[in-house]
Amino acid sequence: MGASLSLIQARRIALAAQGLDKGRPAGPVSARAVGRTFDRLHLVQIDSVNVLARSHYLPFFSRLGNYDRAILHRMASTHPRRMTEYWAHEASFIRPDHFPDLLLWQNRKWVGASGMDPELRTDVAEKVLAVLANSKPLTAAELTAGIGHVEDRRTDNWGWNWNAVKRVLEHLFEEGLVSASSRTEQFERRYTLSAKVYTALDGGGAQDADPAGAMDRLIEAAARAHGIGTVRCFADYFRTPMKAAAIAVEHLVDGGRLEPVSVRGWDRPVYRYVDARLPRAATGRALLSPFDSLVFERRRLEELFGFHFRIEIYTPEAKRRFGYYVLPFLLRDGIVARVDLKADRPAGLLLARAAHAEPGAPADTAVELALELRLMAEWLGLDGVVVSPVGDLAASLAEAVAAHETGLSALREQA
């Protein structure tokens, strides 16, 4: 057994690995800084909910502050791509070098065409691949029209009621044969052949690669992004099988890339990435997306920070405890509050619909959260922050927001 760490030390290792242990960079945020942040995270999860901002934008705001979201569009849609889409921790933007390894371990069939009539699936797939081989990237709707596919719309189908073309496209996406070249303003994928996105691939596959080596690389990337964690933590990052992940952890320990450690209060084997930093202090401040990689693995989150978190988007309104789109608030080395946020774009306002403090939250929680909300409003192009009187932190937060606005008004008058 290696070093014995306190819980605070383990927290700081985790925060440093995720780029959340210190204040944001001063001055304008460069494309290089955004790229470095993504390289550190390895992936960001995609989610369709846009009540505040698309989920993949938020991790970069949490770590960098007011940055230009167009940088991400360029990273994901222009050569040489720094971000591509695939299944990882759910649908995600990933580093392109992880695609061949993930492809070897991909076994999802939940949104594709595995339940379709085989003849229809084969026919549609052949037509789709033929069109994409000789065309610019196309949306599912454009491909439906391009191959002349017509079908009656069903009202008894699940989810988004996708037609056969969309289902086949997702099946081909799962198999790694087609990829997203870019997204429309409505966030629809523009599909193209994977070989056109991953230009180093031979035919878009990784059939000759080594599955064990692929798993070792994925788990090492997950361990680097965590800094410290368990086999379950590392497996969850890319949603890889536990048994294979455990074998990879053994390989990484034997190779000197992971070190077994003990963390007071944890009852499971814990591993520290060999290059993980342990800062003397954590000085950061951030609102975290419900889909942020720091909060992926809920048991780890509770063990590290004493913070129980549940995404309540999918919970009936009457059963929600804290709100609809709730963001944890990280202050220094603790998660000290949570706030339900909505961007009211027509009114130009950031709405804090509820604000709750965690037990033992420091005295400056409301003031620091008010500053963070103001920064988020600026990043989203909103004019102000409005706090609803819901939650035990709401009153002091509203007061802090008002005081901040008064201070800004005074500065404007002096200028």
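This is a predicted model: local features need pLDDT of at least 70, side-chain atom pairs count only at pLDDT 80 or more; totals for chains, interfaces and linings use all residues.

Two strands are taken to pair if DSSP finds at least two bridges between them.

**Stop one: a hairpin and a crossover**

Select residues 334-344, strand E12, together with residues 349-357, strand E13; the two pair in the antiparallel sense over eight bridges. Within this pairing, Ala337 stands opposite Ala357 of E13. Next, display the turn: E12 and E13 form a hairpin with four residues between them, and Gly348 in that turn has a positive phi of about 70°.

In which sense do E13 and E14 run? They run parallel, and four bridges join them. Finally, show helix H14, residues 365-379: E13, H14 and E14 make a right-handed β-α-β unit.

**Stop two: an open sheet**

Turn to the sheet of four strands, which is open, has the order E1-E8-E9-E7 and shows mixed pairing. Which strands lie at the edges? They are strand E1 (4-5) and strand E7 (228-229), each of which pairs on one side only. Select E7 with strand E9, residues 270-273: the two pair in the antiparallel sense over two bridges. The bridge partner of Gly229 in E9 is Tyr271.

**Stop three: two helix contacts**

Select helix H10, residues 211-226, and helix H12, residues 242-254. Their axes are 9 Å apart and the packing angle is about 80°; H10 is therefore roughly perpendicular to H12. Show side chains for Met215, Asp216, Ile219 and Glu220 of H10, and for Ala244, Ala245, Ala248, Val249, His251 and Leu252 of H12, which make the contact. Coloured by class, the contact of H10 with H12 has seven nonpolar, one polar and two charged residues.

Then move to helix H1, residues 7-17, and helix H13, residues 298-305, whose axes are also 9 Å apart but which pack at an angle of about 130°. Because of that angle, H1 is oblique to H13. Here Leu7, Ala10, Arg11, Ala14 and Leu15 of H1 meet Arg300, Glu303, Leu304 and Phe305 of H13. By class, the residues of the contact of H1 with H13 divide into six nonpolar, no polar and three charged.

**Stop four: an aromatic pair**

A pair of aromatic rings is described by the distance of the centres and the angle of the planes. With a limit of 6.5 Å between ring centres, the count comes to ten aromatic pairs. Select one of them, Tyr86 and Phe173: the pair is tilted, at 5.8 Å centre to centre and with 50° between the planes. Tyr86 lies in strand E3 (residues 84-88) and Phe173 in helix H8 (residues 164-174), so the pair ties together parts that are 87 residues apart in sequence.

**Stop five: two backbone details**

Which residues does the cis peptide bond join? Select His79 and Pro80, where omega is about -10°. Pro80 is found in the loop between helix H4 (70-77) and E3.

End the tour at His42, in the loop between helix H2 (31-41) and strand E2 (43-45). The phi of His42 is near 75°, a positive value in a residue other than glycine.

Definitions and conventions: Residues are numbered from 1 along each chain as its sequence is written. Side-chain values use heavy atoms; hydrogens and water are left out. A crossover is right-handed if, with the strands pointing away from the viewer, the path from the first strand over the helix to the second runs clockwise. Axes are lines fitted to C-alpha atoms, for helices over the stretch in contact, and angles run from 0 to 180 degrees between N-to-C directions. Angles under 35 degrees count as roughly parallel, over 145 as roughly antiparallel, 65 to 115 as roughly perpendicular and the rest as oblique. Contact means heavy atoms within 4.5 Å. Ala, Val, Leu, Ile, Met, Phe, Trp, Tyr, Cys and Pro count as nonpolar, Asp, Glu, Lys and Arg as charged, and the others, Gly among them, as polar. Rings of Phe, Tyr and Trp (its six-membered ring) pair if their centres lie within 6.5 Å; planes under 30 degrees apart count as stacked, over 60 as edge-to-face and the rest as tilted.
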